[in-house]
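Q: Please walk me through this one, with the packing to begin with.

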Amino acid sequence: TTTTTEEEYKINQLLQENPELPTIHFLRFLHYLQNEERIGALESLHQYFDYAMIRERKEIVHRIIMSTAAANATTNPPTSSSSATPGEDGTNDNTAAATAAATQAIIAKSLSSHKNIVQYASILLSMLHSKFGDVNLASAA
């Protein structure tokens, strides 16, 4: 069995190695919650959601970049003997349409994901306040 001090040391060591990893902040939140440390739990919960939102945005940008590159590669395959200027055969129009469609799909999916994160934050914040006996703050969350 590990003691609270050992757990805190291990969590802090993980945070030093991976400060932007949301899962470690969530683990820290659970640790503080279990040990009934309200301020630590609240701070860890806030850090968890801050880093989760940052990570989500980075992933969205990465997906948009990758889908744009894939759309460009699909609609404009490299050819060495092409003498047509860009746009003569309509490939630039196709590329723009494919890129726009892929970007819209990624943004729509990310909005749904963002909504889930916000709902999850409300539930956990309510749980935290309820655990510490503050029914008014729990219901407000």
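Q: Which hand does the crossing of H1 and H2 have, left or right?
A: The crossing of H1 and H2 is left-handed, meaning that the near helix is turned anticlockwise from the far one by less than a right angle, whereas clockwise would be right-handed. The model is a predicted one, with local features needing pLDDT of at least 70 and side-chain atom pairs counting only at pLDDT 80 or more, while totals for chains, interfaces and linings use all residues. Residues are numbered from 1 along each chain as its sequence is written, and side-chain values use heavy atoms, with hydrogens and water left out.

Q: At what angle do the axes of H1 and H2 cross, and within what distance do they come?
A: The axes of H1 (residues 4-17) and H2 come within 10 Å and cross at roughly 160°, where axes are lines fitted to C-alpha atoms, for helices over the stretch in contact, and angles run from 0 to 180 degrees between N-to-C directions. H1 and H2 are therefore roughly antiparallel, a label for angles over 145 degrees.

Q: Which residues of H1 and H2 meet?
A: On the H1 side they are Thr-4, Glu-7, Glu-8, Ile-11, Asn-12, Leu-14 and Leu-15, and these meet Ile-24, His-25, Leu-27, Arg-28 and His-31 of H2, with contact taken as heavy atoms within 4.5 Å.

Q: And which residues of H2 are buried?
A: Pro-22, Ile-24, His-25, Phe-26, Arg-28, Phe-29, His-31, Tyr-32 and Leu-33 are, where buried means under 20% relative accessible area, exposed over 50%, and partly exposed in between, with a 1.4 Å probe and protein chains only.

Q: How far apart are the end C-alpha atoms of H2?
A: They are 19 Å apart, which agrees with the 18 Å that its 13 residues should span at 1.5 Å a residue, the expected span being 1.5 Å times one less than the number of residues.

Q: Just after H2, which residue takes a positive phi?
A: Glu-36 does, with a phi of about 55°, and it sits in the loop between H2 (22-34) and H3 (38-75). Most residues other than glycine have a negative phi. Glu-36 counts as exposed because its relative accessibility is 56%.

Q: Switching topic, how many aromatic pairs does the structure hold?
A: It holds 5, counting rings of Phe, Tyr and Trp (its six-membered ring) whose centres lie within 6.5 Å, with planes under 30 degrees apart called stacked, over 60 edge-to-face and the rest tilted. Among them is the tilted pair of Phe-26 and Tyr-48, at 5.1 Å centre to centre and 50° between the planes. This pair links distant parts of the chain, since Phe-26 is in H2 and Tyr-48 in H3, 22 residues apart. Both Phe-26 and Tyr-48 are buried.

Q: What geometry do Phe-49 and Tyr-120 have?
A: Phe-49 and Tyr-120 are edge-to-face, 6.0 Å centre to centre with 75° between the planes, and they join H3 to H4 (residues 91-131) across 71 residues. Phe-49 counts as buried because its relative accessibility is 10%, whereas Tyr-120, at 35%, is partly exposed.

Q: Which residues form one aromatic cluster?
A: Phe-26, Phe-29, Tyr-48, Phe-49 and Tyr-120 do.

Q: Last one: how many helices and strands are there in the protein chain?
A: There are 5 helices and 0 strands, both read as DSSP runs numbered from the N terminus, with helices (H or I) of at least four residues and strands (E) of at least two. Of the 141 residues of the protein chain, 26% count as buried.

Definitions and conventions: Angles under 35 degrees count as roughly parallel, over 145 as roughly antiparallel, 65 to 115 as roughly perpendicular and the rest as oblique.
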